[in-house]
Amino acid sequence: MRKKIMSLILTATAVILFSLPALAGDFSLSSPTLQDGKSLPGEHILNGFGCSGGNVSPALAWHNAPDGTKSFALTVYDPDAPTGSGWWHWVVFNIPATATGLEAGAGSEDGHLPEGAVQSRTDFGQPGYGGACPPEGHGDHRYVFTIYALDVEKLDLAPDSSAAMVGFFLGGHTLAKASITATYGR
């Protein structure tokens, strides 16, 4: 009997935990140039490290942020980079809750980010968008563009904070997140 009760409790707990994202509604991320599971267009590929793309961050839009959203953060991450810890291509936080997207090129040094938004250090060693450029012959890599709806107006972090530090704080303040995963290989 005790095993049966424990099994019911565990099942109920799992149902609740896996249902939580649904409570955030239909939070979603879209882009006019990115499609989930499809290859990154050349305009979003790095211009450097042996690649010759446009190195322009894509336009992104998010929809149906959950109630209680006080700000947003955005990351672009390659989990397939041969580093042991992946590669962070773009990190932006303190995007105001009134924002519903970023225009193409917002990740450049003179890009137009919403007032108060902070681009922090990527694995390229500087802030801003750095496009895809996996090692030749390494196969397709995944580039995960993720928008986070946060329960705080601001992450109290330095502008040169590492992606890992930003990620730590995102983990404690995320109400919902939505992603697009594009691929690229050479």
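## Trp90 and its surroundings

Apart from neighbours within four places in sequence, Trp90 is in contact (heavy atoms within 4.5 Å) with Ser57, Leu60, Leu74, Thr75, Val76, Leu102, Ala106, Gly107, Gln119, Thr122, Gly128 and Tyr129. The residue belongs to strand E6; helices (H or I, at least four residues) and strands (E, at least two) are DSSP runs, numbered from the N terminus. Trp90 has a relative accessibility of 0% and therefore counts as buried. The terms of exposure are buried for under 20% relative accessible area, exposed for over 50%, and partly exposed in between, with a 1.4 Å probe and protein chains only. Between Trp90 and Thr122, which stand 32 residues apart along the chain, the C-alpha separation is 5.8 Å.

## Basis of the model

The structure is a predicted model, in which local features need pLDDT of at least 70 and side-chain atom pairs count only at pLDDT 80 or more, whereas totals for chains, interfaces and linings use all residues. Residues are numbered from 1 along each chain as its sequence is written, and side-chain values use heavy atoms, with hydrogens and water left out.

## Overall architecture

The protein contains two helices and 10 strands. Their order along the sequence is α-β-β-β-β-β-β-β-β-β-α-β. Among contacts with a separation of 6 or more, 73% are between residues 24 or more positions apart.

Of the 186 residues, 40% count as buried. The accessible surface of the protein is about 10100 Å², and carbon and sulfur atoms contribute 55% of that area. Accessible areas come from the Shrake-Rupley method with a 1.4 Å probe; for residues, only the protein chains shown count as cover.

## Other positions in strand E6

Strand E6 spans residues 87-96 and includes Pro96. Pro96 is partly exposed because its relative accessible area is 23%. Leaving out neighbours within four places in sequence, the contacts of Pro96 are Ser71, Phe72, Pro114 and Glu115. Pro96 and Glu153 lie 57 residues apart in sequence, with 7.2 Å between their C-alpha atoms.

Asn94 is also placed in strand E6. Its relative accessibility is 10%, so Asn94 counts as buried. The phi angle of Asn94 is near 60°, a positive value in a residue other than glycine.

## Backbone at Phe49

Most residues other than glycine have a negative phi. Phe49, however, has a phi near 55°, a positive value in a residue other than glycine. This residue lies in the loop between strand E2 (47-48) and strand E3. With 61% relative accessibility, Phe49 is therefore counted as exposed.

## Leu150 in strand E9

Leu150 is located in strand E9. The relative accessibility of Leu150 is 0%, so this residue counts as buried. Not counting residues up to four places away in sequence, Leu150 touches Gly68, Thr69, Lys70, Ser71, Phe72, Ala73, Leu155, Leu170, His173, Thr174 and Leu175. One of these, Gly68, is 82 residues from Leu150 along the chain, and the C-alpha atoms of the two are separated by 8.1 Å.

## The disulfide

The structure holds one disulfide, defined as a pair of cysteine sulfur atoms within 2.5 Å. Cys51 and Cys133 form this link, with their sulfur atoms 2.1 Å apart. The pair connects distant parts of the chain, 82 residues apart: Cys51 is in strand E3 (residues 51-52), and Cys133 is in the loop between strand E8 (118-119) and strand E9 (141-150).

The link is right-handed, with 90° about the S-S bond. Cys51 and Cys133 are both buried.

## The largest pocket

The largest pocket has a volume of about 210 Å³. On a 1 Å grid over the protein atoms alone, a pocket is an open set of points where a 1.4 Å probe fits, with protein on both sides within 12 Å along at least five of seven lines. Grid points are joined across faces, edges and corners, and the volume is the space filled by probe spheres set on the points.

The lining comprises 16 residues, and those nearest the centre of the pocket are Asn55, Gln126, Gly128, Tyr129 and Gly130. A lining residue has an atom within 4 Å of a point. By class, the lining has five nonpolar residues, 10 polar residues and one charged residue. Ala, Val, Leu, Ile, Met, Phe, Trp, Tyr, Cys and Pro count as nonpolar, Asp, Glu, Lys and Arg as charged, and the others, Gly among them, as polar.
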